[in-house]
Amino acid sequence: MARVIGYVKSLEQGTFFVKDAKGHVRELKIGEAIHEGETVYGAPNNPNNAKIIVDITLEGMWDILIAGN
């Protein structure tokens, strides 16, 4: 399995998913790991104020905020 590059720090007002390299999709929850090569995205029906913050574990990197869908 690919290395962990971050963890879900918070989720607000929506649903977010991650798709791995093989096309498997799972819904994200707080504390869940994000691996190298995975794609994070919001549900199509998320409101504009939906957001997820991912705590990136790579040295020198900051948290990532993804909003909406």
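In the predicted model, R26 forms a salt bridge with E38, a salt bridge being a side-chain nitrogen of Lys or Arg within 4 Å of a carboxyl oxygen of Asp or Glu. The closest N and O atoms of R26 and E38 are 3.1 Å apart. Because R26 lies in strand β3 (residues 25-27) and E38 in the loop between β4 (33-35) and β5 (39-42), this pair ties together parts that are 12 residues apart in sequence. Strands are DSSP runs of E with at least two residues, numbered from the N terminus. The side chain of R26 also meets that of E32 in a salt bridge, with an N to O distance of 2.7 Å.

Accessibility was classed as buried (under 20% relative accessible area), exposed (over 50%) or partly exposed (in between), with a 1.4 Å probe and protein chains only. R26 has a relative accessibility of 27% and therefore counts as partly exposed, whereas E38, at 17%, counts as buried.

The structure holds 4 salt bridges. One of them joins the side chains of K9 and D63, at 2.7 Å from N to O. This pair links distant parts of the chain, 54 residues apart, with K9 in strand β1 and D63 in the loop between β6 and β7 (64-67). K9 is partly exposed because its relative accessibility is 47%, and D63 is likewise partly exposed, at 35%.

The largest nonpolar core comprises 11 residues: I5, V8, F16, V18, L28, I34, V40, A50, I52, V54 and I56. Such a core is a set of buried Ala, Val, Leu, Ile, Met, Phe, Trp, Tyr and Cys residues joined through side-chain atoms within 4.5 Å. At least two residues of this core come from each of β1 (4-12), β2 (16-19) and β6 (51-56). Strand β6 supplies the largest share, 3 residues. In soluble globular proteins, nonpolar side chains tend to be buried together.

Among the core residues is L28. With its neighbours within four places in sequence left aside, L28 is in contact (heavy atoms within 4.5 Å) with V8, L11, F16, F17, V18, I34, V40 and I52.

Residues are numbered from 1 along each chain as its sequence is written, and side-chain values use heavy atoms, with hydrogens and water left out. As the model is predicted, local features need pLDDT of at least 70 and side-chain atom pairs count only at pLDDT 80 or more, while totals for chains, interfaces and linings use all residues.

Note on methods:
Helices (H or I, at least four residues) and strands (E, at least two) are DSSP runs, numbered from the N terminus.
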